[in-house]
Amino acid sequence: MFLFAFLALSFSLYHLGLFHFFMNRGRLVAWIHSLGAWGFAGFILLQVVQVVAAPIPGEATGVLGGYLYGPFVGVVLSTISLTLGSFVAFSLSRFFGLPLTERFVDAKTMERFDYLLHHKG
């Protein structure tokens, strides 16, 4: 079920042109500039989505931040964004992680990993 949903989402994003949007530096720059004063928020949102949605290349958005805002501000914005994105990703995994994992991994394998985690660190 999860694999089907992932493939359907990927197929939809591809045909909607969102993959091409994120792969085209010119389009990203134009989008950020079109936001005007909200450009910082748009860049932060883009970076957060990049962390949560793995198909978006992180290197491209990191370079984009340096290109748009310079090395210092780009690094500060990227650090804030990546921290927020990591928080969202970890929160999602905390909420959905175990029930979703139990649907795909058999109980014996889960017991082995639980033992390793709790006894071996």
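I began with Gly74, which is in contact with Gly65, Gly66 and Tyr69 once its neighbours within four places in sequence are left aside; contact means heavy atoms within 4.5 Å. The model is predicted, so I noted that local features need pLDDT of at least 70, that side-chain atom pairs count only at pLDDT 80 or more, and that totals for chains, interfaces and linings use all residues. Residues are numbered from 1 along each chain as its sequence is written, and side-chain values use heavy atoms, with hydrogens and water left out.

**Entry 1: Gly74.** I located Gly74 in helix α5. Gly74 is buried, because its relative accessible area is 4%; buried means under 20%, exposed over 50%, and partly exposed in between (1.4 Å probe, protein chains only). I also looked up Phe40, which is 34 residues from Gly74 along the chain; their C-alpha atoms are separated by 9.7 Å.

**Entry 2: the whole chain.** I found six helices and zero strands, and the elements run α-α-α-α-α-α from the N terminus on. Helices (H or I, at least four residues) and strands (E, at least two) are DSSP runs, numbered from the N terminus. Of the 121 residues in the chain, 21% are buried. I noted that 55% of the contacts between residues at least 6 apart in sequence join residues at least 24 apart. The accessible surface comes to about 8,900 Å², and 72% of this belongs to carbon and sulfur atoms. Accessible areas come from the Shrake-Rupley method with a 1.4 Å probe; for residues, only the protein chains shown count as cover.

**Entry 3: Thr61.** I placed Thr61 in helix α5, residues 58-104. Is Thr61 buried or exposed? Thr61 counts as buried because its relative accessibility is 1%. Not counting residues up to four places away in sequence, Thr61 touches Phe43, Leu46, Gln47, Gln50 and Ile56.

**Entry 4: the nonpolar patch.** I listed Phe40, Phe72, Val73, Val76, Ile80 and Leu84 as a nonpolar patch on the surface, with about 550 Å² of accessible area together. Patches are made of residues with over 30% relative accessible area and no salt bridge; like charges are joined within 9 Å, and nonpolar side chains (Val, Leu, Ile, Met, Phe, Trp, Tyr) within 5 Å. A salt bridge is a side-chain nitrogen of Lys or Arg within 4 Å of a carboxyl oxygen of Asp or Glu. Helix α5 gives the largest share of the nonpolar patch, five residues. Phe72 lies in α5 and is exposed, with a relative accessible area of 66%.

**Entry 5: the negative patch.** I recorded Glu102, Asp106, Glu111 and Asp114 as a negative surface patch. Asp and Glu count as negative, Lys and Arg as positive; His and the chain ends are not counted. Asp114 is in helix α6, residues 107-120. Asp114 is partly exposed because its relative accessible area is 38%.

Terms used
The place of a charge is taken as NZ of Lys, CZ of Arg, CG of Asp or CD of Glu.
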